[in-house]
Amino acid sequence: MRLGIWSPLPPSPSGIADYVAESLPALARHADVHLVTDAPEGAASRREGFTVFAPAEAPEADLELYHLGNSPPHAFVYRAACARPGVAVLHDWSLHHLVLRETVERGEVSAYLREMRRAHGETGTFVGRQVARALGGELLPALFPLNDRVLEGSLAIVALTEHVRSRAARRLPGRPILRLPHHLSLPLDPPPSRADARRALGLPPDGLIVTAPGLATSSKRLDLAVRAVARLRPAHPALRLVVAGAADPSLPLSDWVRAAGLADAFVLTGRLSLEDFERHLCAADVVLSLRFPTHLVRALGVGRPALVTAGTPAAEEFPEGIVAPIDPGPREEEELLAVLDRLLRDTALREEMGRLARDHVRARHGLDGTAERLAAFLGEVSARRESLRAEILADRAGEGGLLGYLMEEVRWGARDLGLSRVALGLERLLGELASGRRP
């Protein structure tokens, strides 16, 4: 099977880039793989022997595998997934921030409003106007995932959490969907001890470290982390907060740190090699992961207790005791403060949580096993790709024309009436109307 994998690749700051790079050797044992990325000349995977193409130069493949996350590095993948049916790997359920960056922040407000109406009808139009005026905060985009175009145009979906799988299954009845656990990949295995990791990184051997791994974005709630660590320092004077990764330039992280008076106890590392990234996880006493990135699985895999947001995929995927859930309600900061303080005061509790986490992840998230499951699923999809593609194209029309407009309006109305499970065959139904021909 010729498999085209579309994704940002290292040295992109996206954690998904690392996830894809780690999986390539195992997946290449099952398929003829080539890679497509927006910066092929600098991709580390090219140096490792893989063929890497720019999007405009991508060759034909039996299947395209699109790795999608809710951040700007995935814009080229999103455009390709909308244009050519393939298999979408949804690292995030919501793609709202990605679409917002591709439309409103480029001055194309009308394109954003069309997407909101297409996905969410009149309510979407109303909410979209508020978000486009920067009045929606973080809550409104989170409630309107804007992933419909990718879902409708995909031959199959790979979901990395049960949260995404269940929602995709409701949205796409009959479409192939695979629930694939995040794999565990550690470049240093066995991992270094906490003392060895701190020595290699130049971190203080004593004192306590709270680590927030990966690219710092608004969704990771680092404003709460900064304030909580600052408030805990009187009780734990040697406490530090380390952000192990780069920061989104639009994130006012330095302002938060300055306002909290945490400058002398805060470290932003910038992008790290995978080896140093693992060392930072090993150097931590507690890992803060208030969403579900790949890095959470790594943190658990090296045996560190992790704090996650209650009610999110991270809290649902792992039993309580493996992770510590933080309620995102009005007292979120106070609960984060209390749980962090409890863990920082109790070395035995931290060690026991870390042991349970390490045993759980290593038993269920092996890289070879997940690659084998993915390859088997892609083989099944490839065998059905022509019938799946025909089903998708029957409800698709070109952008900007009358037929496309009518199809989107009817499709949204059908979903609003609870008829998403009905195969509509819209091109046949609406073609004559759009062309002006009389029956």
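Author: Let's take the sheet, then the helices around it. This is a predicted model, where local features need pLDDT of at least 70, side-chain atom pairs count only at pLDDT 80 or more, and totals for chains, interfaces and linings use all residues. Residues are numbered from 1 along each chain as its sequence is written, and side-chain values use heavy atoms, with hydrogens and water left out.

Reader: In what order do the strands of the sheet lie?

Author: Strands of a sheet pair through backbone hydrogen bonds, either parallel or antiparallel. Here seven strands form an open sheet, ordered β3-β2-β1-β4-β5-β6-β7, with parallel pairing. (Strands are DSSP runs of E, at least two residues, and helices are runs of H or I, at least four, numbered from the N terminus; two strands pair if DSSP finds at least two bridges between them.) At the edges are β3 (52–53) and β7 (177–179), each with a single partner strand, so one side of each has no neighbour in the sheet.

Reader: How many bridges join β5 and β6?

Author: Four, between β5 (residues 87–90) and β6 (residues 156–159). Leu90 stands opposite Ala159 in β6.

Reader: Which strands does helix α1 lie across?

Author: Helix α1 (residues 15–28) lies across β1 (2–6), β2 (32–36) and β4 (63–68), at about 150 degrees to β4. (Axes are lines fitted to C-alpha atoms, for helices over the stretch in contact, meaning heavy atoms within 4.5 Å; angles run from 0 to 180 degrees between N-to-C directions.) Helix α8 (residues 162–171) touches β5, β6 and β7, making about 165 degrees with β7.
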